[in-house]
Amino acid sequence: MTIDPAAFERYRHSPNVRTTLPRQLFGTGIVVLFWAATTVAVLVGGTYAFIAWQATPSSGIQGFLASPLGILTALVSFAGIWIGLWVAMRWVHGEKLSALLGNSRRVSWSGFLKGLIAVLITSFISEVLLYLLQPQITRGPIGLSSWLLFAIPIAALTLLQTSSEEVLFRGYLLRGLANRFTSPFVWALPPALLFTSLHWSASSSPAINACVLASIAAFALLLTLVVYATGNLGAALGAHLGNNLTGFLLISHQESYNSFALFNARPLEGPGWTTSDAVLIAFIGIACSMLTIVLLLHPRSPLKLAAELPDRTSTA
């Protein structure tokens with residue numbers, strides 16, 4: 001299973017002369033600033049509205065974040081990344097935001113669909129294996145009619161969240177670093193490590209944190225590889241969306257984000273997990289990411305991705 005680097009080489013050389021390392025650091029600071037400002041604004045406003053509505057000041061921001069409204073508000077906060085990226089690309093680099101999407105400056109929708117399907121398949125396999133490890137699944141608190149009502153808004157906001165992360169980590173950071181450096185240890189590793197580190201949870205045990213971070217690192221490798229293979233963010237966008245939709249809408253492994261899930265598994269931040277459990281969870285996560293890579297990149301796979309070639313305007 002080999003990858004032709006031609007599409008990615010075209011993508012990495014697409015930035016203009018204003019994409020220097022100091023400018024990228026400055027642009028990254030702008031993105032972080034807008035992300036932080038948007039997060040504070042929506043969380044403070046949402047918490048105030050939640051407390052006023054519930055008339056229970058003691059619940060505070062933690063109670064708000066655990067509520068359905070809190071989850072929706074947290075997803076909205078990722079709009080700050082999109083705003084920051086637009087400002088950075090327009091005023092720092094003098095490029096259109098669409099330049100980050102790929103060689104064609106458009107999302108490859110065929111790649112998006114293939115990435116989505118592949119991750120939904122491997123997520124199903126992962127859930128079966130996790131059930132065999134810990135067969136503790138209960139029906140979520142949300143009714144079916146409410147779930148159907150919220151499914152589309154949750155999917156749209158999840159797309160907002162996952163797309164903002166992909167355009168930042170696999171687009172802005174990866175593309176800019178790859179334009180300046182040839183080693184993947186410089187252009188691929190820092191964005192992947194930063195993305196992975198954001199999934200650390202203070203409420204989880206060290207063993208569970210380690211297994212989750214190992215699984216996220218493998219997933220970040222998958223997302224980076226599909227961008228490398230295609231020169232487009234489409235497949236990464238679809239894969240990331242499929243992964244998060246599974247947790248938000250189908251079966252949740254996090255107690256703080258289970259308000260809209262049909263089923264709840266044993267929360268990873270809860271007590272009682274052993275080191276051997278953590279090792280097995282990490283193995284399942286890594287193995288499923290590797291299987292997704294095979295589904296998307298193996299020559300005989302029906303979901304094999306196509307690269308954006310120089311003589312085409314969109315991915316086949």
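I started with α11. This is a predicted model. I found 14 of the 17 residues of α11 buried, so the helix is largely enclosed by the rest of the structure. Here buried means under 20% relative accessible area.

Next I checked the length of α11, which covers residues 234-250.

I then turned to a helix pair. How do the axes of α10 and α12 cross? I noted that helix α10 (residues 206-230) and helix α12 (residues 275-297) have axes that come within 8 Å and cross at roughly 10°. Angles under 35 degrees count as roughly parallel, so α10 is roughly parallel to α12.

I listed the residues that make this contact. From α10 they include Ala207, Cys211, Ala214, Ala218, Phe219, Leu222 and Val226. From α12 they include Thr275, Ala278, Ile281, Gly285, Ser289, Met290 and Ile293. I sorted the residues of the contact by type: 19 are nonpolar, 5 are polar and none is charged.

Last, I looked up Val167. Val167 sits in helix α7, residues 144-180. Is Val167 buried or exposed? Its relative accessibility is 1%, so I count Val167 as buried.

I asked which residues touch Val167, leaving aside its neighbours within four places in sequence. The contacts are Trp82, Leu85, Leu100, Leu101, Tyr172 and Leu233. I also took one distance: Val167 and Ile81 are 86 residues apart in sequence, and their C-alpha atoms are 8.9 Å apart in space.

Note on methods: Residues are numbered from 1 along each chain as its sequence is written. This is a predicted model: local features need pLDDT of at least 70, side-chain atom pairs count only at pLDDT 80 or more; totals for chains, interfaces and linings use all residues. Side-chain values use heavy atoms; hydrogens and water are left out. Axes are lines fitted to C-alpha atoms, for helices over the stretch in contact, and angles run from 0 to 180 degrees between N-to-C directions. Helices (H or I, at least four residues) and strands (E, at least two) are DSSP runs, numbered from the N terminus. Angles under 35 degrees count as roughly parallel, over 145 as roughly antiparallel, 65 to 115 as roughly perpendicular and the rest as oblique. Contact means heavy atoms within 4.5 Å. Ala, Val, Leu, Ile, Met, Phe, Trp, Tyr, Cys and Pro count as nonpolar, Asp, Glu, Lys and Arg as charged, and the others, Gly among them, as polar. Buried means under 20% relative accessible area, exposed over 50%, partly exposed in between (1.4 Å probe, protein chains only). The expected span of a helix is 1.5 Å times one less than its number of residues.
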